[in-house]
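Colleague: Before I read anything into this model, I would like to go through it with you term by term, with each cut-off stated where it matters. Could you show me the sequence and the structure first?

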Amino acid sequence: MLWKGRRQSSNVEDRRGMGMGGKTVIGGGIGSIVVILLFALLGGNPGDLMNTTPTNPNTHMNVSTQEEELADFVSVVLADTEDVWSAEFEKRGMVYENPKLVLFRDSVQSACGAANSAVGPFYCPGDHKLYIDLSFYQELKQRFQAPGDFAMAYVIAHEVGHHVQTLLHSEEEASPAEKRTNEYSVRFELQADYLAGVWAHYAEGKGYLEKGDLEEALNAAHAVGDDNIQKKAQGYVVPDSFTHGTSEQRKRWFNKGFKTGTLKGGDTFNAKSL
Ligand SMILES: [Zn+2]
């Protein structure tokens with residue numbers, strides 16, 4: 001994907017330097033202030049330290065250049081989703097509210113509770129934030145065999161899709177009892193895949209896609225299909241326990257969104273076949 005030098009979102013909340021308790025590890029931001037205070041207490045001149053403190057509050061001493069690049073990439077993708085959804089909402093006479101994207105490391109606290117990286121990227125409707133540990137990029141590549149920047153972009157666009165669903169109250173079309181069913185969960189997740197496809201349609205229209213990008217996203221959608229994950233984990237498939245849809249379904253709905261490029265056509269809840 002062509003992304004370097006493009007607009008980055010201002011809605012990224014970088015918590016990579018923070019532990020679960022909100023304690024900041026030495027680095028920029030609050031960490032620097034703590035260090036400076038300590039330094040001052042020890043009799044030093046804080047001014048000396050100030051000069052050597054990174055000016056970017058998001059800078060973390062252990063952050064590799066590669067991870068910084070990934071953070072920039074994620075921020076550009078988020079900015080793209082802001083553009084496409086603002087425009088789509090405007091067409092419907094609505095105002096799109098940008099979600100925040102929280103970058104974290106290992107574990108994080110959200111309005112939906114505490115979570116660790118093992119759960120993968122997620123969206124919390126309670127605080128309208130996406131939560132991503134950038135190490136998921138490696139996991140996509142190694143565990144899911146879905147490498148490539150566009151695979152990661154698909155994941156972000158899918159989580160943003162859940163935000164769009166929240167704003168559109170997609171989930172209110174179902175009764176509480178219905179919502180607890182696997183069938184409902186699958187339809188809900190496939191709609192987020194469709195919405196990720198709508199974003200990809202926009203990215204293509206802007207000329208951001210490179211050769212192989214669409215395949216990377218489709219491959220990722222396939223890799224995270226319930227049947228594929230179950231087959232890998234336990235060697236067999238239990239369709240009744242699906243929560244996200246099969247590899248084929250996930251690919252199909254992403255592709256559908258990619259082809260149509262509009263909110264219309266993404267009604268997975270009333271679709272006769274998925
Ligand atoms: Zn999802």
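**Pockets, metal site and disulfide**

Colleague: How many nonpolar, polar and charged residues does the lining of the largest pocket have?

Modeller: This is a predicted model, in which local features need pLDDT of at least 70 and side-chain atom pairs count only at pLDDT 80 or more, while totals for chains, interfaces and linings use all residues. Residues are numbered from 1 along each chain as its sequence is written, and side-chain values use heavy atoms, with hydrogens and water left out. If Ala, Val, Leu, Ile, Met, Phe, Trp, Tyr, Cys and Pro count as nonpolar, Asp, Glu, Lys and Arg as charged, and the others, Gly among them, as polar, then the lining of the largest pocket has 13 nonpolar, six polar and seven charged residues.

Colleague: Which residues that line the largest pocket are the closest to its centre?

Modeller: On a 1 Å grid over the protein atoms alone, a pocket is an open set of points where a 1.4 Å probe fits, with protein on both sides within 12 Å along at least five of seven lines, and lining residues have an atom within 4 Å of a point. Grid points are joined across faces, edges and corners, and the volume is the space filled by probe spheres set on the points, which for the largest pocket comes to about 620 Å³. Of the 26 residues that line this pocket, the closest to its centre are V119, P121, H158, E159 and H244.

Colleague: Which element gives the most to the lining of the largest pocket?

Modeller: Helices (H or I, at least four residues) and strands (E, at least two) are DSSP runs numbered from the N terminus, and β5, α4 (136-142), α5, α7 and α9 (226-234) each supply at least two residues of this lining. With six residues, the element that gives the most is α5.

Colleague: Where does the largest share of the lining of the second largest pocket come from?

Modeller: The second largest pocket has a volume of about 320 Å³, and of its 17 lining residues the closest to the centre are Q66, E67, L70, Y137 and Q138. The elements that give two or more residues to this lining are α3 (65-91) and α4. The largest share, five residues, comes from α3.

Colleague: Which residues coordinate the zinc ion?

Modeller: Donors are taken as N, O and S atoms within 2.8 Å of the metal (3.2 Å for Na, K and Ca), and water is not among the atoms, so sites may look incomplete. In sequence the donor residues are spaced H-x3-H-x26-E. At 1.9 to 2.1 Å, the zinc ion is coordinated by H158 (NE2), H162 (NE2) and E189 (OE).

Colleague: Are H162 and E189 buried or exposed?

Modeller: Buried means under 20% relative accessible area, exposed over 50%, and partly exposed in between, with a 1.4 Å probe and protein chains only. By that criterion, both H162 and E189 are buried.

Colleague: Is the disulfide of C112 and C124 right-handed or left-handed?

Modeller: With a disulfide defined as a pair of cysteine sulfur atoms within 2.5 Å, a search of the whole structure finds one, which joins C112 to C124 at an S to S distance of 2.0 Å. C112 is in the loop between β3 (107-110) and β4 (113-116), and C124 is in strand β5 (residues 122-124), 12 residues apart. C112 is partly exposed, with a relative accessible area of 46%, whereas C124 counts as buried at 0%. The torsion about the S-S bond is about 90°, so the disulfide is right-handed.

Colleague: Which residues does P125 touch, not counting residues up to four places away in sequence?

Modeller: P125 lies in the loop between β5 and β6 (129-133) and counts as partly exposed at 44% relative accessibility. The C-alpha atoms of P125 and T166, 41 residues apart along the chain, are separated by 6.5 Å. With contact meaning heavy atoms within 4.5 Å, and leaving out residues up to four places away in sequence, P125 touches C112 and T166.

Colleague: What is the phi of D106?

Modeller: D106 is found in the loop between β2 (100-104) and β3, where it counts as exposed at 52% relative accessibility. Although D106 is not a glycine, its phi is positive, at about 75°.
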